[in-house]
Amino acid sequence: MSEQASKANAPSRELLEKLFKTAYKIRVFETEGIKLYRQGLIRGYFHPYLGQEGIATGVCAALSEGDYIASTHRGHGHCIAWGADVKRMVAELLQKDTGYCKGYGGSMHIADISVGNLGANGIVGAGTPLGVGAALANQIKGNDAVTVTFTTDGASNNGTFMESLNLAAIWNLNFVLVIENNQYAVSTRIEESTRETDLYKRGIALGVESHLVDGNDPIAVHELMQDAVAKCRRGEGPIVIEARTYRHMGHHVNDPGKYMPADKLAYYKERDPVDRARNALAEMGGATAAEIEAIENEIKQEFEEAVEFSKASGEVSVAEFRQFADAY
């Protein structure tokens with residue numbers, strides 16, 4: 001392909017900038033969030049999305065207002081890619097009443113039903129039936145909304161995976177199941193949990209169109225997702241996408257990840273999704289180094305302001321919490 005033809009088929013500058021901004025915002029949120037955790041400001045677990053930013057970035061950029069997402073325990077990146085307010089996200093992590101769930105949910109349970117974010121989920125595989133339920137509801141309502149469930153390689157061995165996907169298939173739902181295959185279920189290698197490590201093939205077994213994509217390539221993820229969304233809106237769903245990737249660290253913030261081979265980790269870090277989004281913006285979008293630096297500084301400033309906002313926010317009183325608990 002000639003250079004001229006290549007440029008003609010390249011993503012728009014607007015899209016390239018959006019992909020980079022989203023991926024970089026997730027990276028800043030996670031790296032700075034780890035610091036807040038180390039300072040004792042975040043209680044409970046914290047599962048960083050470091051190294052997987054290309055998936056949420058590419059997927060959510062292909063969706064539209066009125067669509068839905070369902071997340072996992074490693075859900076910060078999904079929320080940010082869906083357009084969540086960083087101030088309210090940090091506040092939720094810091095257990096403040098200005099958080100998305102008034103501090104009740106914390107890191108693993110951020111949700112915003114008002115904009116179709118069905119929420120992160122601490123139960124492995126639980127987001128898949130929730131997503132299928134939302135897709136069925138939209139079908140009954142007669143709209144063309146698409147629902148995406150982000151799930152994991154570990155969750156693919158959960159019974160809800162095949163059961164839910166099978167229902168989505170027989171009902172022809174506008175549903176996309178995105179398997180974020182980071183190749184570990186906590187510390188268990190995928191080769192130790194399944195004989196067939198090409199997880200997208202599970203969809204094929206149910207008669208569902210299924211694809212494998214490089215999860216570290218935000219543009220490739222976005223292009224495949226665009227096609228999947230278009231097919232769903234034409235009534236050709238559901239669709240399975242396995243996005244293969246690799247975490248940059250252990251399962252959670254206190255897991256040193258010593259079971260991860262150094263050479264494999266280095267291989268994936270050389271293909272860092274944030275770097276690839278940045279390089280694409282520069283090489284394909286024509287952004288200058290100064291323009292990229294300005295974007296990065298703006299995002300860092302946004303996070304700093306979110307931390308200050310959260311620290312200044314109040315916490316739900318014991319009486320208010322008891323009233324909330326009694327209601328459920």
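Guide: Start with phenylalanine 20, which counts as buried because its relative accessibility is 0%. The model is a predicted one, and the values here are computed from it. Phenylalanine 20 belongs to helix H2, as does tyrosine 24. Tyrosine 24 is buried too, since its relative accessible area is 9%, and the cut-off for buried is under 20%.

Next come the rings. A pair of aromatic rings is described by how far apart the centres are and by the angle of the planes. Eight aromatic pairs turn up in a search of the whole structure. Phenylalanine 20 and tyrosine 24 form one that is tilted, with 5.6 Å from centre to centre and 35 degrees between the planes. The label follows because planes under 30 degrees apart count as stacked and those over 60 as edge-to-face, with the rest called tilted.

The structure has one cavity of 30 Å³ or more, and the largest cavity holds about 30 Å³ of space. Its lining consists of Lys25, Val28, Phe29, Val86, Ile299, Glu302 and Phe303. Two elements give two or more residues to that lining: helix H2, residues 13–38, and helix H12, residues 289–312. By class, five of the lining residues are nonpolar, none is polar and two are charged.

Helix H2 also takes part in an open space. The largest pocket has about 290 Å³ of space, and H2, H4 and H12 each supply at least two residues of its lining. That lining has 20 residues, and Lys18, Ile80, Ala81, Trp82 and Gly83 are the ones nearest the centre of the pocket. Its classes are ten nonpolar, four polar and six charged residues.

Helix H4, which spans residues 76–81, includes histidine 76. Histidine 76 counts as buried, because its relative accessibility is 1%. Its side chain makes a polar contact of 2.8 Å with the side chain of glutamate 30.

Technical notes: Residues numbered from 1 in each chain as written. Predicted model: local features only at pLDDT ≥ 70, side-chain atom pairs only at ≥ 80, totals over all residues. Heavy atoms only, no water. 1 Å grid on protein atoms, 1.4 Å probe; cavity = no way out; pocket = protein on both sides within 12 Å on 5 of 7 lines; lining within 4 Å. Points joined across faces, edges and corners; volume = space filled by probe spheres on them. Helix = DSSP H or I, 4+ residues; strand = E, 2+ residues; numbered from the N terminus. Nonpolar A, V, L, I, M, F, W, Y, C, P; charged D, E, K, R; others polar. Phe/Tyr/Trp six-rings, centres within 6.5 Å; stacked < 30°, edge-to-face > 60°. Buried < 20%, exposed > 50% of the residue type's maximum accessible area, 1.4 Å probe, protein only. Polar contact = N/O pair within 3.5 Å; in protein donor to acceptor, adjacent residues only side chain to side chain.
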